[in-house]
Amino acid sequence: MTIYDFTVSGQDGQPISLSNYKDKVLLVVNTATGCGFTPQYDGLQALYDRYQDQGFEILDFPCNQFAGQAPGSAEDINQFCSLNYQTTFPRFAKIKVNGKEADPLYRWLKEQKHDLVGEPIEWNFTKFLIGRKGQVVKRYAPKAEPETIASDIEILL
């Protein structure tokens with residue numbers, strides 16, 4: 001199984017196959033607009049600007065499971081990120097990352113790299129780096145600033 005086997009919901013609720021991102025290096029992040037880590041959007045956008053032309057994508061999954069830090073509709077979240085952080089990378093529908101209602105994608109991600117940071121997702125802005133063959137390469141804690149991931153991305157590109 002690879003990340004390409006999953007289908008997720010777009011902001012509009014329509015299904016999107018992650019096979020659309022085949023052969024790219026991916027950074028999958030659960031995010032929130034009202035979190036202490038929200039300023040990491042600046043760093044994420046900087047990574048995206050720097051590496052997108054080389055086959056890098058960031059997949060942003062808003063998550064409201066941690067202290068209700070991602071309130072509002074998909075449109076509200078997208079507008080907040082666009083206006084405040086000028087984000088241009090793909091953003092999807094809100095997702096649950098822990099518990100019985102966790103999205104299958106996040107259940108799989110956690111199974112792949114539970115040994116590095118601990119299984120459940122600790123908080124918003126947990127990051128998973130995916131190689132071009134669709135396998136999880138590394139998991140980063142929420143405190144990991146995006147710029148510290150750059151060298152790992154470069155190796156995979």
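**View 1. Helix α1 lies across strands β3, β4 and β5.** In this predicted model, local features need pLDDT of at least 70 and side-chain atom pairs count only at pLDDT 80 or more, while totals for chains, interfaces and linings use all residues. Residues are numbered from 1 along each chain as its sequence is written, and side-chain values use heavy atoms, with hydrogens and water left out. Helix α1 runs at about 150° to β4; axes are lines fitted to C-alpha atoms, for helices over the stretch in contact, and angles run from 0 to 180 degrees between N-to-C directions. Helices (H or I, at least four residues) and strands (E, at least two) are DSSP runs, numbered from the N terminus. The twelve residues of α1 (40-51) reach 17 Å from first C-alpha to last, close to the 16 Å expected at 1.5 Å a residue, a span taken as 1.5 Å times one less than the number of residues. Q40, Y41, G43, L44, Q45, L47, Y48 and Y51 of α1 are buried (under 20% relative accessible area; exposed is over 50%, partly exposed in between; 1.4 Å probe, protein chains only). Their cover includes β3 (25-31), β4 (56-62), α2 (74-85), β5 (127-130) and α5 (150-156).

**View 2. The sheet is open and has four strands in the order β4-β3-β5-β6, with mixed pairing.** Strands β4 and β6 (136-140) are at the edges with a single partner strand each, so one side of each has no neighbour in the sheet. Strands pair if DSSP finds at least two bridges between them. β5 and β6 are antiparallel over four bridges, and I130 has V136 in β6 as its bridge partner.

**View 3. The buried residues of α2 are I77, C81 and Y85.** Seen down the axis of α2, these residues fall within an arc of 30°, so they line one face of the helix; the arc is that of the directions from the helix axis to the C-beta atoms. They pack against α1 and β4. E75 and L83 are exposed on the face turned away from the buried side. Just after α2, Q86 has a positive phi of about 50°.

**View 4. The largest nonpolar core has 24 residues.** Such a core is a set of buried Ala, Val, Leu, Ile, Met, Phe, Trp, Tyr and Cys residues joined through side-chain atoms within 4.5 Å. L27, Y41, L44, L47, F56, I58 and I153 have the most contacts inside this core. Its largest share, five residues, comes from α1. Leaving aside neighbours within four places in sequence, L47 is in contact (heavy atoms within 4.5 Å) with L27, Q52, F56, P146, A150 and I153.
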